[in-house]
Amino acid sequence: MGRRAGRALLRRSSAKGPRLTNHTHLERSQPTEKSTLQVSGKCPVCRLGGDKIALREGDYIGRLCGCGITYIDPQPPVGSIDPQVDHHHRVYYEAPAAARVAWVKRFKQKGLLLDIGCGDGEFTRAAIGAGFEVEGIEPNPDRVATVKKRSAIPVEQGLIEESSLPAGRYDASFHVDLLSHFPDPVAALRAIAEKMRDDGVICFEVGLFSNLPLRWRRLAGRANMPTHLWFFDAPSIEHLLDAAGLKLVAMRRYKVGVSTAVSAALVAMRRERAVAATRAGLPMARGRASGVYYRFHMWLRYGLGRWLPIGGPQTAFVAAVRRLPAS
Ligand SMILES: [Zn+2]
């Protein structure tokens, strides 16, 4: 969220906000019993509802649960979001790939790694270069073909929640910016855990955009609901892992407030084009300049962001293991 952001659309919650609280609409949007989404309008960890409004965007509100998760309400209809659509610029995958692999390597030096949502294979190539054996899973058939061709590895076409990859197979796994998109993040983490060996390490990167101090909300950029269904803070990641039968091993946080503020300033300067791009779901910078822009942006996020004081929006590298029953 926020990297190619439009003007800050995160609004202060307000009890008297007239825009959206149409109860009939919200009630109608609750899932039917046949729905596969059991968490609609409820925190995916606590399974409670009725939390306070933290943000509004379009037809959606984000509710902040006591556990730290902000969740979308109402839940978009099942099947209304295409998991193959990816709005990130390639540099978002390419520039930090080595740092992401290095994170996994802190916990697992070698072995078979599952690259979840491998996209065009930027992380895949970096992981192979670092000595891992890699297999992928990716819903977009064109990208599956690209990775198979470029990296000559097996790639399953599909979603991790429905994967037929064997259980207990992998030494490590990685995904980036998927947690906010899974229809049920607890179910998705369980599905990942099932694919891992007992001593396998589950690594991922996730944005921390929930529960932001007020001064950061205006700068945090678009929430991009309903593409993003959930927003997390650091404590809620631990709750989420716990709910999925996992245990946090380590978390490294990068402060992305500066990169977000730079984005917001650029958007303000080139407002018309940026707003049009945001509406069309396109990256803010395109063409030849985009690589330079996103590389600078990635340096602000991961180079500078690692050393800034804690606070404001962040992106986090996370490592977790399965919580095995004591024998
Ligand atoms: Zn909760």
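Two strands are taken to pair if DSSP finds at least two bridges between them; strands (E, at least two residues) and helices (H or I, at least four) are DSSP runs, numbered from the N terminus. The structure is a predicted model, in which local features need pLDDT of at least 70, side-chain atom pairs count only at pLDDT 80 or more, and totals for chains, interfaces and linings use all residues. Residues are numbered from 1 along each chain as its sequence is written.

An open sheet is formed by four strands in the order β1-β2-β3-β9, with antiparallel pairing. Because β1 (52-57) and β9 (230-231) stand at the edges with a single partner strand each, one side of each is left without a neighbour in the sheet. Four bridges join β2 (residues 60-64) to β3 in the antiparallel sense, and G62 stands opposite I72 in β3.

The loop between β3 (70-73) and α2 (90-94) contains G79. A residue is classed as buried if 20 or more other C-beta atoms, placed from the backbone, lie within 10 Å of its own, as exposed if 12 or fewer do, and as partly exposed in between. G79 counts as exposed because it has 9 C-beta neighbours inside 10 Å. The C-alpha atoms of G79 and P183 are 9.8 Å apart in space, although 104 residues separate the two in sequence.

In helix α5 (residues 141-151), the buried residues are R143, V144 and V147. These cover an arc of only 105° around the axis, which puts them on the same side of α5; the arc is that of the directions from the helix axis to the C-beta atoms. P141, D142 and K149 are exposed on the other side of α5. After α5 comes A152, with a positive phi near 50°.
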